[in-house]
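Please describe this structure for someone who has not seen it before.

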Amino acid sequence: MKNKEESFQLFPINVKGSAGSICNFMGSFIGWVVAYYFNFLREWSSTGTFFIVSAFCCANFILLAIMVLETKGRTLEEIQASVSHSSV
């Protein structure tokens, strides 16, 4: 539960409620999908399941490396300005 509470602090105040709710819903929904289909995948092929999960982990790492900005030593206002400027 602590991670969900901390994730709300990542958003600016004007969108914190709605963005946090969307993130919470998506995290719960994806968790349900994984828990529901994992046994079906294991019955199909445990090796295939391993490689599917590995592919999702690799894709997640690549997306994080590409899309997440370096924020060390920057204020929230500087980060918001760089995100707003790069998306225009």
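## Basis of the model

This is a predicted model, in which local features need pLDDT of at least 70 and side-chain atom pairs count only at pLDDT 80 or more, while totals for chains, interfaces and linings use all residues. Residues are numbered from 1 along each chain as its sequence is written, and side-chain values use heavy atoms, with hydrogens and water left out.

## The chain

The chain has four helices and zero strands, in the order α-α-α-α along the sequence. Helices (H or I, at least four residues) and strands (E, at least two) are DSSP runs, numbered from the N terminus.

Of the 88 residues in the chain, 6% are buried. Buried means under 20% relative accessible area, exposed over 50%, and partly exposed in between (1.4 Å probe, protein chains only). The chain exposes about 7800 Å², and carbon and sulfur atoms supply 68% of that area. Accessible areas come from the Shrake-Rupley method with a 1.4 Å probe; for residues, only the protein chains shown count as cover.

## Helices H2 and H3

Helix H2 spans residues 16-44 and helix H3 residues 46-67; their axes come within 5 Å and cross at roughly 130 degrees. Axes are lines fitted to C-alpha atoms, for helices over the stretch in contact, and angles run from 0 to 180 degrees between N-to-C directions. H2 and H3 are therefore oblique to each other (under 35 degrees is roughly parallel, over 145 roughly antiparallel, 65 to 115 roughly perpendicular, the rest oblique).

Phe38, Leu41, Arg42 and Trp44 of H2 meet Ser46, Gly48, Thr49 and Ile52 of H3, where contact means heavy atoms within 4.5 Å.

## Thr49

Thr49 lies in helix H3 and is buried, with a relative accessible area of 4%. Leaving aside residues up to four places away in sequence, Thr49 touches Phe38, Leu41, Arg42 and Trp44.

## Aromatic rings

The structure holds seven aromatic pairs. Rings of Phe, Tyr and Trp (its six-membered ring) pair if their centres lie within 6.5 Å; planes under 30 degrees apart count as stacked, over 60 as edge-to-face and the rest as tilted. The rings of Tyr37 and Phe40 have centres 6.2 Å apart and planes at 55 degrees, so this pair is tilted.

Tyr37 and Phe40 are three residues apart in helix H2, which is about one helical turn. Tyr37 is partly exposed at 43% relative accessibility, and Phe40 is partly exposed at 46%. Ring pairs link Phe25, Phe29, Trp32, Tyr36, Tyr37 and Phe40 into a cluster.
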